[in-house]
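Morning, everyone. Please take a look at the model on the screen before I start.

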Amino acid sequence: MPALPLDEAGKYVAGAYVVFVALILIYVAILGAKIARIAREIDEMASEK
Amino acid sequence: MTYARGLKPLSIATVVATVVGFALVFFYAPVDADQGFVQKIFYVHVPMAIVALCGFVAGGIMAIKHLRSREPSWDMRSYVAIHMSIILGLGVLITGAIWAKASWGHWWVWDEPVLVSFLVVFLLYCVYYPLRFSIEDPERQARASSVFAIAAGAFVPINFAAVRLAESFTHPRVLSQTGGDLPGEMRLTFLVCLAAMSLLFVTLWKLELTSKHAAMSLKRLRTRLAAAPS
């Protein structure tokens with residue numbers, strides 16, 4: 001298959017890099033939510049005592 | 001907390017390496033004469049695949065350490081390494097499909113051993129979750145997970161070698177005994193991207209271990225407080 005023109009290839013390249021960045025961001029967001037929950041629970045325990 | 005040690009400099013190094021890697025991809029590495037601009041996908045797809053496969057093998061090695069020492073922390077390390085590799089593996093499959101569509105006109109090619117073997121490895125590791133979480137007893141869970149991680153981890157290099165011996169050469173070969181056909185600029189860019197991906201893996205692995213360790217410590221503390229006389 002001949003090489004795609006830049007405007008068409010650009011969409012595929014952008015798509016691949018967006019997938020990579022999105023995967024990492026989603027993962028970090030989930031991890032951040034977990035850490036925030038742990039911090040909240042620690043605060044609750046501290047205020048109970 | 002031991003897992004959090006060195007996390008900050010590691011995170012900074014990861015961000016710097018990723019930014020430098022992306023800058024090299026788009027402003028330094030030449031456009032491929034054969035594939036054109038679409039070859040830029042190579043710099044994210046291949047390092048992700050290499051790091052994911054190394055992560056699976058590392059998970060197996062940590063599982064060996066767990067079975068030898070009976071130390072639950074090694075099981076947790078192995079679990080997080082496999083978990084991270086599955087996430088990267090998903091990225092490899094999606095970016096690979098995008099690259100295949102742009103280069104070959106198809107999202108997937110079933111008679112290409114590299115693609116199918118990676119899918120087989122990915123699906124094999126997807127079994128890890130139901131296996132792990134179907135066992136309630138923590139000790140048995142850790143033991144069974146470790147045995148799986150070792151067996152599957154041994155399969156990864158065997159699978160890689162089998163694919164190397166395959167006849168089809170539709171999929172580009174990047175790492176060969178002669179160092180591949182990459183020109184200097186492309187090779188440097190690829191190595192920086194590989195280093196960035198490795199740093200990203202280690203950073204996220206440590207971050208998730210820190211989070212899991214904190215959650216477990218909190219649970220233990222709650223249990224102790226509940227049992228303590230008021």
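**Chain B and a helix pair**

From the N terminus on, chain B reads α-α-α-α-α-α-α. That gives seven helices and zero strands. Helices (H or I, at least four residues) and strands (E, at least two) are DSSP runs, numbered from the N terminus.

A word on the source. This is a predicted model, where local features need pLDDT of at least 70, side-chain atom pairs count only at pLDDT 80 or more, and totals for chains, interfaces and linings use all residues. Residues are numbered from 1 along each chain as its sequence is written, and chains are lettered from A and ligands numbered from 1 in the order in which they are written.

Now the overall picture. The C-alpha atoms of chain B fill a box of roughly 75 × 35 × 30 Å along the principal axes. Of its 230 residues, 38% count as buried (20 or more other C-beta atoms within 10 Å of a residue's own, with C-beta atoms placed from the backbone).

Next, one pair of helices. At what angle do α3 and α4 of chain B cross? Roughly 145°, and their axes come within 10 Å. Axes are lines fitted to C-alpha atoms, for helices over the stretch in contact, and angles run from 0 to 180 degrees between N-to-C directions.

Who meets whom? In α3(B), the residues include B:Ile82, B:Ile86 and B:Leu93. In α4(B), B:Phe118 and B:Phe122 are among them. Contact means C-beta atoms, placed from the backbone, within 7 Å.

Last, the two chains. Their contact takes 21 residues from chain A and 28 residues from chain B.

Conventions
Contact = placed C-beta atoms within 7 Å. Buried ≥ 20, exposed ≤ 12 C-beta atoms within 10 Å, placed from the backbone.
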